Amino acid sequence: MTDRILKAVTSACVGLMALLYVAHNIANLPQAHDFFVYTTSHADQEAYPVTLLPVPPGFLIAIAMVLVFSLEAAAAGLGLYGGWKLWSLRRADAASFIAGKKWAKIGMGCAVVNWWGLFQGVAVAGYQLWQMPLGQGPFDGSWIFGGMAMMTLIYLSQSEEQGAG
(Lines give C-alpha, C1' and ligand atoms only; values in the text may rest on other atoms or scores of the structure.)
Protein backbone atom coordinates (compact mmCIF):
# COMPACT_ATOMS: atom_id res chain seq x y z
CA MET A 1 0.00 0.00 0.00
CA THR A 2 2.87 2.37 0.76
CA ASP A 3 4.24 2.23 -2.79
CA ARG A 4 0.80 2.79 -4.25
CA ILE A 5 0.28 5.89 -2.12
CA LEU A 6 3.75 7.21 -2.96
CA LYS A 7 3.20 6.64 -6.67
CA ALA A 8 -0.04 8.61 -6.52
CA VAL A 9 1.50 11.44 -4.49
CA THR A 10 4.70 11.79 -6.51
CA SER A 11 2.73 11.85 -9.77
CA ALA A 12 0.49 14.56 -8.38
CA CYS A 13 3.50 16.55 -7.11
CA VAL A 14 5.15 16.63 -10.54
CA GLY A 15 1.76 17.50 -12.05
CA LEU A 16 1.35 20.37 -9.60
CA MET A 17 4.84 21.64 -10.36
CA ALA A 18 4.09 21.61 -14.09
CA LEU A 19 0.78 23.40 -13.47
CA LEU A 20 2.52 26.18 -11.56
CA TYR A 21 5.15 26.57 -14.29
CA VAL A 22 2.65 26.82 -17.11
CA ALA A 23 0.45 29.18 -15.07
CA HIS A 24 3.44 31.46 -14.40
CA ASN A 25 4.43 31.34 -18.06
CA ILE A 26 0.95 32.37 -19.16
CA ALA A 27 0.67 35.04 -16.45
CA ASN A 28 3.97 36.49 -17.71
CA LEU A 29 3.40 35.93 -21.41
CA PRO A 30 5.22 39.06 -22.70
CA GLN A 31 8.26 38.29 -20.55
CA ALA A 32 8.17 34.62 -21.59
CA HIS A 33 8.15 35.69 -25.23
CA ASP A 34 11.08 38.05 -24.65
CA PHE A 35 12.99 35.24 -22.96
CA PHE A 36 12.41 32.88 -25.89
CA VAL A 37 13.63 35.61 -28.25
CA TYR A 38 16.69 36.24 -26.07
CA THR A 39 17.65 32.57 -25.72
CA THR A 40 17.48 31.96 -29.47
CA SER A 41 19.18 35.24 -30.46
CA HIS A 42 22.81 34.10 -30.00
CA ALA A 43 23.30 37.08 -27.66
CA ASP A 44 25.83 36.96 -24.82
CA GLN A 45 27.60 33.87 -26.12
CA GLU A 46 31.25 34.59 -25.53
CA ALA A 47 32.72 31.16 -24.79
CA TYR A 48 31.46 29.56 -28.02
CA PRO A 49 30.40 32.42 -30.30
CA VAL A 50 29.32 30.14 -33.17
CA THR A 51 25.88 28.59 -32.67
CA LEU A 52 24.82 26.10 -35.29
CA LEU A 53 21.06 26.62 -34.95
CA PRO A 54 19.77 29.72 -36.75
CA VAL A 55 17.99 32.63 -35.11
CA PRO A 56 14.35 31.65 -35.67
CA PRO A 57 11.70 33.93 -37.15
CA GLY A 58 8.92 35.15 -34.88
CA PHE A 59 6.37 32.55 -35.96
CA LEU A 60 8.74 29.71 -34.94
CA ILE A 61 9.21 31.30 -31.54
CA ALA A 62 5.42 31.40 -31.14
CA ILE A 63 5.22 27.72 -32.14
CA ALA A 64 7.98 26.83 -29.67
CA MET A 65 6.14 28.65 -26.89
CA VAL A 66 2.90 26.84 -27.70
CA LEU A 67 4.75 23.52 -27.72
CA VAL A 68 6.48 24.14 -24.38
CA PHE A 69 3.33 25.44 -22.71
CA SER A 70 1.29 22.56 -24.13
CA LEU A 71 3.71 19.96 -22.81
CA GLU A 72 3.72 21.68 -19.40
CA ALA A 73 -0.09 21.77 -19.39
CA ALA A 74 -0.29 18.11 -20.45
CA ALA A 75 2.22 17.13 -17.75
CA ALA A 76 0.15 19.11 -15.25
CA GLY A 77 -3.25 17.74 -16.19
CA LEU A 78 -2.15 14.16 -16.73
CA GLY A 79 0.13 14.12 -13.69
CA LEU A 80 -2.64 15.42 -11.43
CA TYR A 81 -5.31 13.20 -13.01
CA GLY A 82 -2.97 10.21 -12.92
CA GLY A 83 -2.14 10.86 -9.27
CA TRP A 84 -5.84 11.06 -8.42
CA LYS A 85 -6.54 7.90 -10.43
CA LEU A 86 -3.77 6.00 -8.64
CA TRP A 87 -5.00 7.27 -5.28
CA SER A 88 -8.50 6.04 -6.06
CA LEU A 89 -7.08 2.63 -7.08
CA ARG A 90 -4.70 2.23 -4.14
CA ARG A 91 -6.83 -0.61 -2.68
CA ALA A 92 -7.71 -2.18 -6.05
CA ASP A 93 -6.37 -5.43 -7.42
CA ALA A 94 -2.94 -5.38 -9.08
CA ALA A 95 -4.26 -5.44 -12.66
CA SER A 96 -6.51 -2.42 -12.06
CA PHE A 97 -3.72 -0.47 -10.41
CA ILE A 98 -1.32 -1.25 -13.24
CA ALA A 99 -3.90 -0.11 -15.80
CA GLY A 100 -4.47 3.05 -13.75
CA LYS A 101 -0.85 4.12 -14.19
CA LYS A 102 -1.39 4.99 -17.85
CA TRP A 103 -2.22 8.70 -17.52
CA ALA A 104 0.38 9.42 -14.86
CA LYS A 105 3.05 7.77 -17.02
CA ILE A 106 2.02 9.77 -20.08
CA GLY A 107 2.08 12.97 -18.00
CA MET A 108 5.59 12.19 -16.74
CA GLY A 109 6.63 11.46 -20.31
CA CYS A 110 5.37 14.90 -21.38
CA ALA A 111 7.42 16.49 -18.60
CA VAL A 112 10.57 14.59 -19.60
CA VAL A 113 10.14 15.51 -23.27
CA ASN A 114 9.65 19.16 -22.31
CA TRP A 115 12.42 19.64 -19.75
CA TRP A 116 15.01 17.22 -21.08
CA GLY A 117 14.11 17.16 -24.76
CA LEU A 118 13.22 20.77 -25.47
CA PHE A 119 15.08 22.61 -22.73
CA GLN A 120 18.22 20.48 -22.42
CA GLY A 121 18.29 19.22 -26.01
CA VAL A 122 17.24 22.27 -27.99
CA ALA A 123 17.82 25.29 -25.73
CA VAL A 124 20.90 24.17 -23.80
CA ALA A 125 22.69 22.10 -26.43
CA GLY A 126 21.31 23.71 -29.58
CA TYR A 127 21.16 27.37 -28.60
CA GLN A 128 23.92 27.16 -25.97
CA LEU A 129 21.71 28.48 -23.19
CA TRP A 130 24.46 27.50 -20.76
CA GLN A 131 26.54 30.50 -21.92
CA MET A 132 23.93 33.19 -21.29
CA PRO A 133 23.77 35.00 -17.95
CA LEU A 134 19.99 34.54 -17.82
CA GLY A 135 20.26 30.94 -18.98
CA GLN A 136 21.71 29.39 -15.83
CA GLY A 137 18.35 29.12 -14.04
CA PRO A 138 16.56 27.34 -16.90
CA PHE A 139 19.68 25.24 -17.51
CA ASP A 140 19.76 23.98 -13.91
CA GLY A 141 16.00 23.89 -13.44
CA SER A 142 15.20 21.91 -16.56
CA TRP A 143 17.72 19.26 -15.56
CA ILE A 144 16.18 18.98 -12.08
CA PHE A 145 12.55 19.06 -13.25
CA GLY A 146 13.18 16.53 -16.01
CA GLY A 147 14.96 14.35 -13.47
CA MET A 148 12.04 14.54 -11.05
CA ALA A 149 9.66 13.48 -13.81
CA MET A 150 11.99 10.71 -15.01
CA MET A 151 12.47 9.33 -11.51
CA THR A 152 8.70 9.33 -11.04
CA LEU A 153 8.24 7.62 -14.41
CA ILE A 154 10.77 4.94 -13.44
CA TYR A 155 9.05 4.46 -10.08
CA LEU A 156 5.64 4.21 -11.75
CA SER A 157 7.04 1.65 -14.18
CA GLN A 158 8.15 -0.71 -11.48
CA SER A 159 6.00 -3.84 -11.50
CA GLU A 160 3.34 -4.37 -8.92
CA GLU A 161 3.59 -7.50 -6.83
CA GLN A 162 0.44 -9.53 -6.40
CA GLY A 163 -1.18 -8.60 -3.10
CA ALA A 164 1.57 -6.09 -2.20
CA GLY A 165 1.67 -2.39 -2.61
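Helix H1 runs over residues 2–27, and its 26 residues reach 37 Å from first C-alpha to last, close to the 38 Å expected at 1.5 Å a residue. Helices are DSSP runs (H or I, at least four residues) numbered from the N terminus, and the expected span is 1.5 Å times one less than the number of residues. The model is predicted: local features need pLDDT of at least 70, side-chain atom pairs count only at pLDDT 80 or more, and totals for chains, interfaces and linings use all residues. Residues are numbered from 1 along each chain as its sequence is written, and side-chain values use heavy atoms, with hydrogens and water left out.

**Helix H1**
- Among the buried residues of H1 are Arg4, Lys7, Val14, Met17 and Asn25; buried means under 20% relative accessible area (1.4 Å probe, protein chains only).
- These buried residues of H1 pack against H2 (29–39), H3 (58–88), H4 (94–100), H5 (102–126) and H6 (136–157), with contact meaning heavy atoms within 4.5 Å.

**Helix H6**
- H6 has 22 residues and spans 31 Å between its first and last C-alpha, close to the expected 32 Å.
- Its buried residues include Gly141, Phe145, Gly146, Gly147 and Tyr155.
- The buried residues of H6 pack against H1, H3 and H5.

**Largest pocket**
- Phe35, Phe36, Thr39, Val68 and Phe119 are the closest to the centre of the largest pocket, out of 31 lining residues.
- H1, H2, H3, H5 and H6 each give two or more residues to this lining, and H3 gives the most, with eight.

Methods:
Buried means under 20% relative accessible area, exposed over 50%, partly exposed in between (1.4 Å probe, protein chains only). On a 1 Å grid over the protein atoms alone, a cavity is a set of points where a 1.4 Å probe fits but cannot get out, and a pocket is an open set with protein on both sides within 12 Å along at least five of seven lines; lining residues have an atom within 4 Å of a point.
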